[in-house]
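Please look over the sequence and the three-dimensional model below before reading on. The briefing that follows moves from the whole chain to a few of its parts.

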Amino acid sequence: MELENSSLEKKKTQDQFAEENFGESSVVDLYPQNQFVVSADTLGSVFERLNIPAVILGSDGSILYANSRLHSVIGRDASNFINLPISKLLPESKNWFDNISEKPGTGHFAFQIKNDAGESKVISGDTDHFISGAQRNTLITFDVSPESASRDAYAGSEALLVSLLTSIHEPAIIMNHTLVLYANQSAAALFGYANISDFTGKDLRTHIISGQGELLSGMVQPTNFTIRKNDNNVVSVSLENRTFHSLPEDMRLFVLHDLSHRDEMRNKSFQFCSMIHHIGDFYVVLNNKNEIEYINPSLRDFLEYHEDEILLKPFWSIFSSASSEEKWNEMLEKLEKYGDYPESVLCKKKSGELFYFSLNLGKIKKSCRLSSGYIIVGEDATGWMCEEKELQVREQRFGLILDNISDIILLVKGDGSIEYISPSVTKYLHFLPEEVAGRELLSLIPENRRNEITSMLFSISEPDIVSFDFEVELCDNKGECQFYHAVGRKFYEADGILKYLLVLRNIDQQKKLLDELEHYKDNLEKLIEERTNSLADSNARLKDQVRLRLNAEAELLARDERLTLALEVSAYGIWDIDFETNDIFCNDRLMEIFGEAADTVRTFNIERFESMIHPDDAAAFNQKFNEHLVGVSDLIDAEFRIGTGNGITKYISLRGKVVKRDSVGAPARFVGRFEDVTGRRRIEEKLQKTLDSEQELLDLKTHFISIVSHEYRTPLATILSSAEILEMYDNQLNSKTRLEQIKRIEKCVEDMSNLIESVIVLNRSDADNIRHTIVEFDLISYSRSIINEICNVFENTPTINFNPMINRLPVKSSPVLFKQIFSNLISNAVKFTPVGKNVNVSISVHNPNLYIEVQDEGIGISVEDQKMLFNSFFRGKNVGSIPGSGLGLPIAKKSIDALKGKMSFISVLNIGSTFRVELPLEYIE
């Protein structure tokens with residue numbers, strides 16, 4: 001039911017918030033008369049949700065509401081009795097309502113009725129009063145008691161009185177003045193009796209230490225007593241005088257409540273709520289009207305509101321912008337469907353500044369009669385939402401580049417099937433990308449070249465080969481083949497699948513031009529030889545031969561001009577060197593690639609070219625070039641860096657060969673083509689960095705999840721075990737055993753909190769370079785307090801020897817960072833040193849530095865593990881079952897670095913370890 005008490009309209013304190021959500025007696029504190037206020041316009045809808053038969057009476061005894069579950073009790077449609085007196089529904093209750101309406105609090109009743117089949121049965125139930133508007137209404141809830149024979153049977157039947165007490169789940173007794181006449185098992189156990197018979201007949205005053213006067217006065221309202229149990233233990237109980245109109249006048253029914261743990265649970269509830277109140281994340285608690293009942297200071301300050309501007313306001317009115325009422329209702333629908341519901345919404349602060357709120361919405365049920373509500377836990381997600389949008393923009397740009405690049409880009413799986421092909425395939429091969437994706441790469445290659453390509457792909461599958469290039473023929477949609485130059489790189493995805501990234505450039509025209517050039521040069525040499533022989537044979541034909549030669553030279557000049565024109569418009573830089581005449585031909589594209597002025601095209605020489613090669617690549621290039629000149633390789637194919645004439649470093653690909661040798665095999669002529677591959681190499685380097693970063697992040701994430709899940713499993717299991725013991729055997733446990741179980745839970749929670757704090761400290765050290773405050777403090781006394789704190793944490797520890805040479809050492813430094821260093825080093829020494837051994841701690845001063853040395857006689861660290869000692873989450877192979885997270889030494893190292901200090905260590909397996917820290921400190925005279 002929805003509460004409209006005016007006290008809820010006021011600002012709630014932390015105590016009220018804790019008791020309303022977690023306290024055992026919050027309803028008693030808020031409504032001492034056990035009455036509550038109900039909004040009239042919500043009675044119908046809320047009333048129907050009750051899972052027990054019930055009716056609501058007006059102040060005159062007429063039936064205002066009756067839910068559908070009442071049919072199971074009376075066997076008739078309850079709606080027919082609306083606006084009729086209760087006596088129409090319960091004939092025997094004619095004068096009963098006048099009696100109960102004058103009495104405060106709750107009451108119990110029993111009546112005998114006949115259903116529509118004529119069968120007699122006894123129905124029992126409870127009555128309660130509440131205020132609606134200006135009227136005092138009555139809520140009646142029913143239960144069927146088949147053991148009862150009649151309404152008046154309770155007055156004279158001991159069996160029915162015992163049945164009444166048995167049906168009450170709380171401890172309950174029936175008394176005559178101060179004498180216990182009847183009791184249920186729960187009440188007997190509460191007073192320390194194993195059997196009901198041992199408790200029956202006792203004078204209750206023999207157990208009451210304080211409050212006997214209230215017992216003798218009749219007790220209208222619930223009253224607290226201090227009692228001494230049969231086992232002499234002293235506890236606090238509350239006795240509630242519950243009205244039951246069928247009891248004889250000299251008998252009274254009391255329901256008892258054990259209050260021994262109420263204050264303890266209240267304190268724990270307050271501590272929990274106080275933690276929520278001061279935690280850095282965002283927390284909001286809403287009532288069932290979607291109004292803000294509580295908001296923690298972190299979120300309140302972030303929104304720039306005063307607390308009075310937020311409390312009891314609708315959630316969507318504070319978080320305006322995209323979080324409208326319609327959006328909120330949509331989130332509630334998904335919450336009902338999926339349970340806890342995560343969402344990221346665009347919200348607005350009081351100042352109008354927009355931010356993304358990443359929240360998790362869940363339902364909560366408050367105690368007793370308080371209605372259900374909602375809890376929201378969240379954080380400011382503006383940063384990573386903007387990063388996600390930026391990533392999407394970058395992906396779109398990258399996709400746009402792939403869609404418009406002129407070369408064909410292929411992604412081929414290790415089995416040879418095509419996973420992706422760029423849209424440029426349509427331009428060259430006349431296929432749509434979806435027609436090629438999924439096909440074998442060999443299906444695009446002529447059959448006579450497939451074995452060659454298969455052998456090549458097999459050769460580059462060797463582990464030491466990463467990048468490669470080759471020439472390949474591809475057939476288009478019409479069966480026509482053209483030559484392509486393929487540049488590729490292989491890589492492995494996270495799941496270990498081998499793939500190849502290929503960039504194909506159409507070189508068919510260039511290849512045909514080079515073939516034509518070779519063919520032309522071969523014919524020219526043959527023609528010159530024939531003309532020379534003809535001239536030697538006959539001087540008489542000299543004029544004819546001269547004429548023919550002039551014609552041939554003219555034709556040669558025309559072809560040479562056409563060839564030069566073709567070379568000038570080529571995308572490659574062409575270099576033709578004649579070693580016999582030292583003549584060099586360079587086209588304009590080569591000068592453009594080398595960053596040289598166009599007017600130097602005829603004067604560019606080998607010495608200038610060699611001076612441009614990057615020093616790191618010169619040796620490898622010269623080796624390849626010289627090997628080719630002497631005939632070791634048929635073709636030179638090299639990729640290297642040059643420093644261009646305009647000061648830019650470029651990656652250059654050179655493919656060429658010696659096309660002519662003299663009679664002794666020495667190179668006479670070399671032709672090569674240069675290509676600027678800087679863009680492709682930049683993409684390859686960027687892709688490799690991305691792959692390396694993703695792999696490193698994946699390894700770190702996997703290791704982090706493994707460590708955290710391992711470290712949380714044991715404390716969570718311990719918490720669950722203790723919670724189950726408290727739940728199942730609460731009434732059977734004594735105070736000491738119950739306290740032990742609670743201490744176990746608190747210890748596990750503390751261990752888990754320490755792990756989280758260590759991760760937070762390590763994260764801050766990476767992100768913020770460890771922000772710290774320098775203050776004045778006595779380092780010796782502070783060190784002693786840290787050692788005492790460690791001794792209190794560990795139950796069985798080795799002997800810690802700490803005897804500084806001086807009693808006081810005032811310094812200016814960061815006590816927070818010093819504690820991280822000192823406590824982590826000593827804690828490690830204590831954990832890994834057996835009981836009976838020693839841990840020696842010393843502090844010495846050699847101006848201007850402070851020296852800390854922690855020596856243990858523990859298990860030691862292997863030489864192999866010492867290399868990884870300061871890595872986050874790393875633990876040595878010999879630690880066994882000794883608990884730990886692997887964060888202590890990394891945190892200590894980060895703290896030492898923040899103070900500009902140094903740390904060294906020496907360790908021997910099964911002998912012990914010694915850690916030495918050197919810190920520059922400012923001493924106070």
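What percentage of the 925 residues in the chain do buried residues make up? Buried residues make up 41% of them, where buried means under 20% relative accessible area, exposed means over 50%, and partly exposed lies in between (1.4 Å probe, protein chains only). This is a predicted model, in which local features need pLDDT of at least 70 and side-chain atom pairs count only at pLDDT 80 or more, while totals for chains, interfaces and linings use all residues. Residues are numbered from 1 along each chain as its sequence is written, and side-chain values use heavy atoms, with hydrogens and water left out.

**The chain as a whole**

- The chain has 30 helices and 34 strands; helices (H or I, at least four residues) and strands (E, at least two) are DSSP runs, numbered from the N terminus.
- Of the contacts in the chain with a separation of 6 or more, 51% are between residues 24 or more positions apart, a contact being heavy atoms within 4.5 Å.

**The nonpolar cores**

- The largest nonpolar core has 35 residues, and those with the most contacts inside it are L779, F822, L850 and I852; such a core is a set of buried Ala, Val, Leu, Ile, Met, Phe, Trp, Tyr and Cys residues joined through side-chain atoms within 4.5 Å.
- Several elements each supply at least two residues of this core, among them α27 (779-793), β31 (849-856) and β33 (912-920), and α28 gives the most, with 8 residues.
- Leaving aside residues up to four places away in sequence, L850 touches residues including L779, F818, I843 and V917.
- Apart from this core lies another one, of 26 residues, which includes I421, Y428, Y484 and Y500.

**Helix α28**

- In α28, 13 of the 17 residues are buried, so this helix is largely enclosed by the rest of the structure.
- The end C-alpha atoms of α28 are 23 Å apart, which agrees with the 24 Å that its 17 residues should span at 1.5 Å a residue; the expected span is 1.5 Å times one less than the number of residues.

**Helix α24 and its surroundings**

- Helix α24 (residues 615-629) has D617, F621, F625, H628 and L629 as its buried residues, and these pack against α23 (606-612), β24 (636-643), β25 (649-661) and β26 (667-676).
- Just after α24, G631 takes a positive phi of about 95°.

**Salt bridges**

- The structure holds 25 salt bridges, each being a side-chain nitrogen of Lys or Arg within 4 Å of a carboxyl oxygen of Asp or Glu.
- R641 forms a salt bridge with D616, with the closest N and O atoms 4.0 Å apart, and this pair links strand β24 to helix α24 across 25 residues.
- The side chains of E639 and R680 meet in a salt bridge (3.0 Å, N to O); E639 lies in strand β24 and R680 in helix α25 (residues 678-728), so the pair ties together parts that are 41 residues apart in sequence.
- E639 is partly exposed, at 34% relative accessible area, whereas R680 counts as buried at 18%.
- R681 also forms a salt bridge with E639, the closest N and O atoms being 2.6 Å apart.

**A hairpin near the end of the numbering**

- Strand β32 (residues 902-908) pairs with β33 in the antiparallel sense over 7 bridges, where two strands pair if DSSP finds at least two bridges between them.
- These strands, β32 and β33, form a hairpin with 3 residues between them, and N910 in the turn has a positive phi of about 65°.
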